[in-house]
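Q: Got a model open here and want to talk charges. Can you walk me through it?

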Amino acid sequence: MNFIEESTQPKRQFLNRSLLLAACAACIGGTFQYGYNISVINAPTTYVQNFINQTWRERYQTNISADALTLLWSTAVSIFTVGGLVGVTVGGTLSMKLGRKGALMANNICALMAALLMGLSYPTALFELLIIGRFFTGLNAGIGLCAQTLYLGEIAPTAHRGAMGVGTSIFITVGILAGQVMGLKELLGEEEYWPLLLSTTCVPAFLQLLILPWFPESPRYLLIDRGDEQGCEKALKQLHGRAGYDAEREDIEKERNNLVDFQTKTPWQLFTDRSVRWQLVTIVLLNAAQQLNGINAIYFYADYLFRQSGIPVDKIPYVTLGTGACECVTALTCGLFVDRLGRKALITGGYALMSICCILFTLTLSFQDASPVVPYLSMGCLFAFILSFGLGPGGVTNILTTELFTQTTRPAAYMIAGSVNWLCFFFIGLVFPFVVLGLQQYCFLVFLAVCSFMAMYIFFVIPETKNKTFIEIQNEFKSSSHKKADRAGPMLLITST
């Protein structure tokens, strides 16, 4: 029986307004915070280092050594990833205990605490508060990434799940751009304003606390995890309207019936479950590659390329805004096409284009002094790489993490995927400077290998998930190229209603 054809619902032309507003309310205090706190720390770098040096001198009557200053500043920046790793490990548990919406609401405590600590660091002359505040921003980002992506994936209708999922990437890029804008000298980029600049992370938190309570909890969580029939019905009608209520309720009922004998799994149980082995391998590879594919290296080289191209130093922050705007446009474009072209085409094509860019980037950096035109060609490769990343890995990875698992395994999957992502984020920040020193421009050949491998893996292993329910995707994994490997796992059957 061709169950995919029978169970796939026709596309609705427009998303319900309440659904879009709920997604925005979730994202403003979720992945927007993640992107904002990644970029906002860059503008006041010199000012914060001066503050640390001044504080040290007042305490110990001597200037801090260059190595100690570098260590403290690096700690303040990198502890964000430590907080993120801790956050993602507890984010799944909070999402199960408090619900997806409840976890997002509670998570704002971390953002408010971070804003308070970083704002007080200067008047109290305690740079330790700045470091602790950065830890709380990471904690907020880790929990937000986990809870928000779960919420978006579960409230979205099947036909528009891709576009809703790209909301994660859109708000990350908007957050990065907002952080860059707020760091301009015309706004809060002057030295006396840096404590206020870092404290602005409280603004999205307050916005979410004001807006999100007006929207319901995830209907899937209410029905499958809580058994709340009335709550699910009310949530579905608010999010999808009466026109979309029947189709969404039927889809959730099918998933609940198929999971009646299954309990919510922990990350360790997921590792030992052979029935989701290939899904788990896939999300580990996808999330590792998202950090190790070279996108962070591109940003490292951006400042160097702008200087080589003759752009005045005081104009570089404005040019950097161009990369942020480029990311935003690309994420929006991905949202428009992900439910038309499919996830597989976009992410495979993205990694393939990134592979080509790695080759061209290596060549242009090798012959940087051959002609005045070459630096501009390098800049072209830079923007092409960012566009390819945004259209593919940047936009689709989180969608696949949602779609490859069902309600009982999804929170644990996000804990695992998020942990891998944050560990690789930390690893690339720690190791990449040494890779650049050792390999120089040839470091992009390493990223070429990563991107090429992922393009082939996705092409041959991952099935298309567009317009398919979570149960259909689960069954397709078991009945495709991994049928023999997964024969030991129980086959989920789609029940007819």
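This is a predicted model: local features need pLDDT of at least 70, side-chain atom pairs count only at pLDDT 80 or more; totals for chains, interfaces and linings use all residues.

Q: Okay, how many salt bridges are in the whole structure?
A: A search finds 17.

Q: Which residue does E154 pair with?
A: R410. Their closest N and O atoms are 3.3 Å apart. E154 sits in helix 7 and R410 in helix 21 (residues 410–439), so the pair ties together parts 256 residues apart in sequence.

Q: Are those two buried or exposed?
A: Both E154 and R410 are buried. They also belong to one network, joined by salt bridges that share partners. Its members are R100, E154, R220, D251, E255 and R410.

Q: What does E128 meet in a salt bridge?
A: The side chain of R59, at 2.8 Å, N to O. E128 is in helix 7 (residues 127–155) and R59 in helix 4 (residues 45–60), so this pair links parts 69 residues apart in sequence.

Q: How accessible is E128? And R59?
A: E128 is partly exposed, at 32% relative accessibility. R59 is partly exposed too, at 28%.

Q: New topic. Which residues form the negative surface patch?
A: E186, E190, E191 and E192. E191 lies in the loop between helix 9 (167–182) and helix 10 (194–199). Its relative accessible area is 39%, so E191 counts as partly exposed.

Q: And the overall fold, how many helices and strands?
A: The chain has 23 helices and zero strands. Of its 497 residues, 56% are buried.

How values were computed: Residues are numbered from 1 along each chain as its sequence is written. Side-chain values use heavy atoms; hydrogens and water are left out. Helices (H or I, at least four residues) and strands (E, at least two) are DSSP runs, numbered from the N terminus. Buried means under 20% relative accessible area, exposed over 50%, partly exposed in between (1.4 Å probe, protein chains only). Patches are made of residues with over 30% relative accessible area and no salt bridge: like charges are joined within 9 Å, nonpolar side chains (Val, Leu, Ile, Met, Phe, Trp, Tyr) within 5 Å. Accessible areas come from the Shrake-Rupley method with a 1.4 Å probe; for residues, only the protein chains shown count as cover. A salt bridge is a side-chain nitrogen of Lys or Arg within 4 Å of a carboxyl oxygen of Asp or Glu. Lys and Arg count as positive and Asp and Glu as negative; His and the chain ends are not counted. The place of a charge is taken as NZ of Lys, CZ of Arg, CG of Asp or CD of Glu.
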